[in-house]
Amino acid sequence: MEKKFKRGLCVSGGGAWGAFGAGTLARLDREYTIGAGISTGSLITPLALLGEWERLKDAYTSVNDNDIFDLKWYKPKPITKNGKPNVLAVILALILGHKTVATTQKLRDLIDKFVYSDDYQRLQLSDKEAMVGCQNLTEYPSTLHFFSSKNEHFTDFKDWMWIAANEPFFTSLVSKEWYDPTFGEKFVGQWADGGISELIPLDPIIEANCDEIDVIIHRPKTVHSVEKHKINNLLDSVDRVIGAMRYDIEFEYLIQKCQYAANEKGIKINLYFLPRALGPNSLVFDKKQMLAWWQEGYNTAFDENRMIVFIPKK
């Protein structure tokens, strides 16, 4: 019996820049059997596996900061319009003893609005599998876990989608019970964005023995610069250190992983980058700008300048 072609999807983190990647996927309009998402990728992946492009477009082009963050008079936006951490928000969080600068229950409500129980039933009854990556900060060492549509109840999976999209320090730190198969028990973890340790969740898709993998990366191709980042204050320093841990180190190993998958496992891998940096911070949500990004992602989906392709050895 001839083996069925298996295409996998991997979607990186990137906050509001996910609008660009969602537009690209809508234009590609491919059938995926398995997908893994981190951060904003966790919100994109389930609907992408179902081909719900119009709903995905609506989700990424109809929201502003007020639809994502729980804003109150004593809880301003964590990021200013120019992409810098909001000093007042940080000071208030410290004074009030909060674990994070802001919270995002509104984002959890948005997931209820755009992901339906019928969607989840379609996923579970099909051969498709969506996975989202979350970091358990209670564990030592802190560990990345992937939660699958094949194993989780609908409400729990939506919780994990939300948790996976919460960037550390700036958005919600969520307490949630989980089952640890190693100990055979349930524990309560404190969870955040899985991008803390793996911005691009390629490993579980490589392990799924796909024939081809599309990887959506919400960053431009890396270009070395000796004077790109200037640190002006303590918050800039914290932001830059997080960026170094999450992005710089990750990209160093990405090419190695792709070369291994192509040469040793015979998997074709297509990397889709952003054509340029879209802004100073991905946590600024502006629906007009996000609509423009979605459209540009759609229009440039087949632009070879955005791509790096790894072809298996014959």
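Where is the place of Ser149? I found Ser149 in the loop between E4 and H8; helices (H or I, at least four residues) and strands (E, at least two) are DSSP runs, numbered from the N terminus.

**Basis.** I note that this is a predicted model, in which local features need pLDDT of at least 70 and side-chain atom pairs count only at pLDDT 80 or more, while totals for chains, interfaces and linings use all residues. Residues are numbered from 1 along each chain as its sequence is written, and side-chain values use heavy atoms, with hydrogens and water left out.

**Ser149.** Buried means under 20% relative accessible area, exposed over 50%, and partly exposed in between (1.4 Å probe, protein chains only). Leaving aside neighbours within four places in sequence, I recorded contacts of Ser149 with Tyr120, Leu123, Gln124, Lys128, Glu129, Ala130 and Phe157; contact means heavy atoms within 4.5 Å.

**Second largest pocket.** I noted a volume of about 370 Å³. A pocket is an open set of points on a 1 Å grid over the protein atoms alone, where a 1.4 Å probe fits, with protein on both sides within 12 Å along at least five of seven lines; lining residues have an atom within 4 Å of a point. The volume is the space filled by probe spheres set on the points, which are joined across faces, edges and corners. The lining has 14 residues, and Phe147, Glu152, Trp160, Trp178 and Tyr179 lie nearest the centre. Strand E4 (143-148), helix H8 (154-164) and strand E5 (174-180) each give two or more residues to this lining. The largest share, four residues, comes from E5.

**Helix H11.** I traced H11 over residues 287-299; its 13 residues reach 18 Å from first C-alpha to last, close to the 18 Å expected at 1.5 Å a residue. The expected span is 1.5 Å times one less than the number of residues. Met290, Trp293, Trp294 and Gly297 are buried in H11. They lie on the same side of H11 because they cover an arc of only 100 degrees around the axis, the arc being that of the directions from the helix axis to the C-beta atoms. The buried residues of H11 pack against helix H1 (18-28) and helix H3 (53-61).

**Backbone.** Most residues other than glycine have a negative phi, and most peptide bonds are trans. I recorded a cis peptide bond from Tyr140 to Pro141, with omega near -5 degrees. Phi of Asp29 is near 50 degrees, and Phi of Phe169 is near 80 degrees. Phe169 is partly exposed, with a relative accessible area of 32%.
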